[in-house]
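Reader: I'm new to reading protein models, could you walk me through this one?
Author: Gladly, let us look at it together.

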Amino acid sequence: MTAKRLRFLLFSLLALILLVLLDALTKHLAVLYLSGSDGIDIIPGVFRLVYLENTGAAFGILRGMKWFFVVLTIVICAAIVRILVKMPLEKRFYPFACDLVVLLAGAIGNFIDRIRLGYVVDFFYFSLINFPIFNVADIYVTMSVLVLFILILKGENYEELF
């Protein structure tokens, strides 16, 4: 392994750890301050912090299918790690690599909750539009998928990574 690849992988690992820790910290604070309460209005009628134990996926779909999510997460994480390890160290791939690290952090953040607790701690709620309650890891996943689509629509060619 070259020194450049080692630096790339160590930087990716450090970023991954920091992102997962941020997600874990916010969930810990949600448990401490929101669990058992009616929530906290941040912008009344618009945005609230509300504690929710989510056993499903986004929008509460597939509730109670913990092992499906565990297996799916392991497969996705393995694929992302494989891509990161084999990715050519060219400047044009760096946005894609950063995006994959953020996606991996979101997957791992919710994976930890599913394994440890049997559910995912959610707490952000846009009451104005009655949007499903979500967490920081969900933001990572949603934003990284959006960025991935933008990169692909921009015409970036990533087929050689797969």
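Reader: Which residue in strand 3 is the bridge partner of glutamate 53?
Author: In this model, which is a predicted one, glutamate 53 has valine 121 of strand 3 as its bridge partner.

Reader: And how many bridges are there between strand 2 and strand 3?
Author: Strand 2, which covers residues 47–54, pairs with strand 3 over six bridges, and the sense of that pairing is antiparallel.

Reader: Okay, which helix packs on the sheet?
Author: That is helix 3, residues 94–117, which touches both strand 2 and strand 3, and whose direction makes about 125° with that of strand 3.

Reader: In what order do the three strands sit?
Author: They form an open sheet in the order 1-2-3, with antiparallel pairing. Strand 1 (40–43) and strand 3 stand at the edges with a single partner strand each, so one side of each has no neighbour in the sheet.

Reader: Changing topic, where is asparagine 130, and is it buried or exposed?
Author: Asparagine 130 lies in the loop between strand 3 (120–126) and helix 4 (136–153), and it counts as exposed because its relative accessibility is 55%, where the cut-off for exposed is over 50%. Its phi is near 50°, a positive value in a residue other than glycine.

Reader: What about leucine 18, buried or exposed?
Author: Leucine 18, which belongs to helix 1 (residues 3–34), counts as exposed at 52% relative accessibility. It is also one of the residues in a nonpolar surface patch, including Leu14 and Leu21, that has about 820 Å² of accessible area together.

Technical notes:
Residues are numbered from 1 along each chain as its sequence is written. This is a predicted model: local features need pLDDT of at least 70, side-chain atom pairs count only at pLDDT 80 or more; totals for chains, interfaces and linings use all residues. Side-chain values use heavy atoms; hydrogens and water are left out. Helices (H or I, at least four residues) and strands (E, at least two) are DSSP runs, numbered from the N terminus. Buried means under 20% relative accessible area, exposed over 50%, partly exposed in between (1.4 Å probe, protein chains only). Patches are made of residues with over 30% relative accessible area and no salt bridge: like charges are joined within 9 Å, nonpolar side chains (Val, Leu, Ile, Met, Phe, Trp, Tyr) within 5 Å. Accessible areas come from the Shrake-Rupley method with a 1.4 Å probe; for residues, only the protein chains shown count as cover. A salt bridge is a side-chain nitrogen of Lys or Arg within 4 Å of a carboxyl oxygen of Asp or Glu. Two strands pair if DSSP finds at least two bridges between them. Contact means heavy atoms within 4.5 Å. Axes are lines fitted to C-alpha atoms, for helices over the stretch in contact, and angles run from 0 to 180 degrees between N-to-C directions.
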